Amino acid sequence: MLLQPVLLVWGSSLLRHSQAASTPLIPSPPQLAVASDSDTTSATIQNIMDPDPFPEEDKSYTKYSHYPPYCSTPQEMDKRAIPPLSNDETTVQTQLVHVTALIRHGSRTPFAGAPSYKCWNGYWESQDTGVWNCDLLTYMSPPASTKEKGKEVDEHGNLLDEEPDFLFEKRYDALLPEQTATGISGSIQTGNILNGTCQMGQLLARGYEQELSNGKHLRQAYFYDGDNTADEHAAADPRMRLWDLTKESSSVPPHDASIIGDPTKAIFQEPNLKYRADDEQRTLMSGQVLLRGLFGPELAATGDDETAVIKLHTADYNVDVLTPNEKVCPRVGELRSEAYASDEYKSWALTSIEAKTTKSLMKVKFGIDEVPEDILDCMMTTICTDRNLPDALNDYDGTGNGNFEVVSDFAVENFTFPYKYNDGAYSKLGMGPLWLEIMSNILQIVDSTNHPTTSGMPPPKLALFSGHDTTLMPILATLGEQVWSGKEWSPYASMLQIEIHKLLDNDERYPSGYAFRLIYNGNVLTSKMDECSAADLCDVQVLVKQVMSFASNYEDGNCAAKVQTAKESKIGEMKDVTVNLFSTPVGVTMVLLLVVVSMALGSVTTCFIIRRRLRKEYNYTDTLALADLSMS
């Protein structure tokens with residue numbers, strides 16, 4: 001029996017491999033689990049015997065003659081292999097000791113639906129572009145009860161949970177009656193948002209394959225496996241071997257064994273690996289699939305009587321920091337607004353040739369005055385999944401001259417403008433907390449005296465962060481003017497690596513004793529950073545100096561909004577007047593005089609009002625008044 005790839009979620013942390021699909025188990029999205037007080041684990045399972053695990057979801061990229069790099073076709077993914085150290089570094093005696101990898105999720109469905117997601121006329125009414133069906137399945141199981149837990153222990157004495165007795169297959173088809181299966185028909189939404197079996201922003205089969213490719217790139221670059229490592233792979237160079245699988249232990253060299261990773265643990269377990277993602281289906285699963293491509297043989301080798309468990313660190317999406325969070329840090333939103341209000345932006349948006357050409361095209365071809373905010377996502381999710389583009393945009397050829405590229409280039413620059421404006425102020429504040437997470441691992445390695453571990457666990461050899469395009473682009477923008485142009489969108493499954501190399505001999509070019517290499521989608525960018533030479537490696541203190549000035553958590557001091565509302569402004573003015581009034585003797589005298597006069601006027605007014613009320617209530621005559629006062 002052949003099984004399709006699925007995302008598997010269960011309450012128990014122990015699940016034996018199926019004989020039909022003896023493939024690795026990887027942790028997965030907590031939000032997909034059934035309601036429970038217990039933590040959940042899950043797995044992405046693919047039958048490695050099935051040559052085409054996605055028979056219904058076409059991933060052939062055959063509809064168009066050319067595809068933009070954004071789509072990350074198999075040919076494009078092949079170009080992103082991690083390169084060996086350059087020939088300029090052959091005389092440098094180093095050893096790779098740590099890698100931080102940041103990825104964008106793979107190909108996905110649209111992130112929103114009608115009416116907020118505006119594309120072109122007929123987009124949502126067409127079954128081709130308005131209906132999204134997915135083949136990636138999810139299985140769930142209730143967690144083991146408290147009484148059932150802890151019956152067994154592993155070789156290290158850790159308690160094991162019972163495996164689940166049964167599974168649920170989750171299907172996104174509860175709101176799919178026939179009348180809503182062909183798109184939106186009317187003003188009332190009665191089916192799923194994307195009118196099919198896909199979630200908004202869900203990872204697609206194409207995205208699965210892209211992240212699997214990323215995992216293989218990492219393995220070929222950092223895992224030495226004897227004859228299985230080709231000469232052209234980076235790991236053929238002993239200096240690039242983060243793990244040497246030909247040795248009895250996969251530990252790091254002796255001079256680093258005490259501070260990085262733990263050779264007594266499996267290479268996919270902490271502290272050898274730290275996996276971080278935000279709580280979105282596409283980012284969670286993208287990281288899982290990458291880890292399957294990276295650790296596949298090791299995960300499969302765990303056998304039928306034990307389960308490979310990889311810890312996933314995530315947080316509530318609304319307060320997470322893998323992208324600039326304007327809700328948590330209002331000042332981040334203000335910096336974006338300031339960028340769009342700047343003369344520089346207004347000049348470009350109103351008078352540049354790109355802006356005029358794009359707006360004219362949208363007016364003539366689509367009858368609209370402004371470029372839709374989501375037009376880039378509309379175009380890319382359409383062409384990258386072999387759906388039908390409107391005739392006016394069906395001209396992509398990679399030359400930069402067609403309507404498709406005119407519109408997409410404008411949309412990219414329009415969106416990314418705040419990232420680099422004002423020396424990247426928006427990106428630096430917005431990505432400060434994520435940089436703090438990244439550098440906390442690196443500083444424990446390169447400056448352990450001043451930055452000792454606080455968790456009681458050594459820093460990881462590999463730290464994986466699974467995020468978004470809006471993770472990678474602002475991160476790149478913080479690294480200096482030349483590193484990223486601001487005119488190129490991060491394609492699906494983009495990957496950024498920060499390698500940390502330890503100097504084995506003294507070298508005046510690397511006074512700190514550590515060097516770093518920066519790689520983005522297979523291209524070495526180290527030399528584009530300020531103060532770095534043309535070589536692949538650069539002293540790690542350059543990186544530390546570049547990012548530590550803004551690598552910090554969101555705090556009131558740097559996140560408080562500086563632009564006040566009208567009410568806040570008036571209150572502030574009143575406070576200022578009061579403070580100034582009490583700051584001089586004359587002001588104090590005036591206040592006291594005002595208090596005395598107010599008290600006198602208040603007393604007179606009170607007596608007058610009370611007397612009037614009494615006269616009105618009793619309305620007595622002189623005779624009646626005398627009678628009332630009589631003692632008889």
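Predicted model: local features only at pLDDT ≥ 70, side-chain atom pairs only at ≥ 80, totals over all residues.
## The chain as a whole

The chain has 632 residues, and 50% of them are buried. Its secondary structure comes to 16 helices and 16 strands. If you take the contacts between residues at least 6 apart in sequence, 75% of them join residues at least 24 apart. The accessible surface of the chain is about 31,500 Å², and carbon and sulfur atoms account for 52% of that surface.

## A strand enclosed on both sides

Now find strand β14, which covers residues 514-520. Is this strand enclosed or open? Seven of its seven residues are buried, so β14 is largely enclosed by the rest of the structure.

Which strands pair with β14? Strand β13 (residues 495-503) pairs with β14 in the antiparallel sense over seven bridges. Strand β16 (residues 538-539) is also an antiparallel partner of β14, with two bridges. Strand β15 (residues 523-524) pairs with β14 in the antiparallel sense as well, again over two bridges.

You can trace these pairings residue by residue. A515 in β14 has H501 opposite it, and A515 also stands opposite D539 in β16. Y520 has N523 of β15 as its bridge partner. Between β14 and β15 there are two residues, and the two strands form a hairpin. In the turn of this hairpin, N521 has a positive phi of about 50 degrees.

## Disulfides

A search of the whole structure finds five disulfides. Three of them are set out below.

| Disulfide | S to S distance |
|---|---|
| C71 and C384 | 2.0 Å |
| C119 and C378 | 2.0 Å |
| C532 and C538 | 2.2 Å |

Take the disulfide of C71 and C384. C71 lies in the loop between β2 (41-45) and α1 (74-78), and C384 lies in the loop between α8 (375-383) and α9 (403-430), so the pair ties together parts that are 313 residues apart in sequence. Both cysteines, C71 and C384, are buried. The torsion about their S-S bond is -85 degrees, and the link is left-handed.

What is the handedness of the disulfide between C119 and C378? Its torsion about the S-S bond is about -75 degrees, so this disulfide is left-handed. C119 sits in the loop between β3 (94-104) and α2 (127-130), whereas C378 is in helix α8, so this pair ties together parts that are 259 residues apart in sequence. C119 and C378 are both buried.

The link of C532 and C538 is left-handed too, with -90 degrees about the S-S bond, and both of these cysteines are buried. If you number the bonded cysteines in sequence order, the pairing of the chain reads 1-7, 2-6, 3-4, 5-10, 8-9.

## Salt bridges

How many salt bridges does the structure hold? There are 20. One of them joins the side chains of R206 and D386, at 3.2 Å from N to O. R206 is in helix α3 (residues 205-222) and D386 is in the loop between α8 and α9, so the pair ties together parts that are 180 residues apart in sequence. R206 and D386 are both buried.

Strand β14 comes back into the story here. The side chains of E499 and R517 form a salt bridge of 2.8 Å, N to O. E499 lies in β13 and R517 in β14, so the pair ties together parts that are 18 residues apart in sequence. E499 and R517 are both buried.

Salt bridges with shared partners also join R276, D320 and E437 into one network. Within it, the closest N and O atoms of R276 and D320 are 2.7 Å apart.

## A patch on the surface

Finally, look at the outside. L593, V597 and L601 form a nonpolar patch on the surface, and together they have about 290 Å² of accessible area. V597 lies in helix α15 (residues 585-618). With a relative accessible area of 40%, V597 is partly exposed.

Methods:
Residues numbered from 1 in each chain as written. Heavy atoms only, no water. Buried < 20%, exposed > 50% of the residue type's maximum accessible area, 1.4 Å probe, protein only. Helix = DSSP H or I, 4+ residues; strand = E, 2+ residues; numbered from the N terminus. Pairing = 2+ DSSP bridges. Disulfide = S-S within 2.5 Å. Contact = heavy atoms within 4.5 Å. Areas by Shrake-Rupley, 256 points an atom, 1.4 Å probe, with all protein chains shown as cover. Patch = residues over 30% accessible without salt bridge, like charges linked within 9 Å, V, L, I, M, F, W, Y side chains within 5 Å. Salt bridge = Lys/Arg side-chain N within 4 Å of Asp/Glu carboxyl O.
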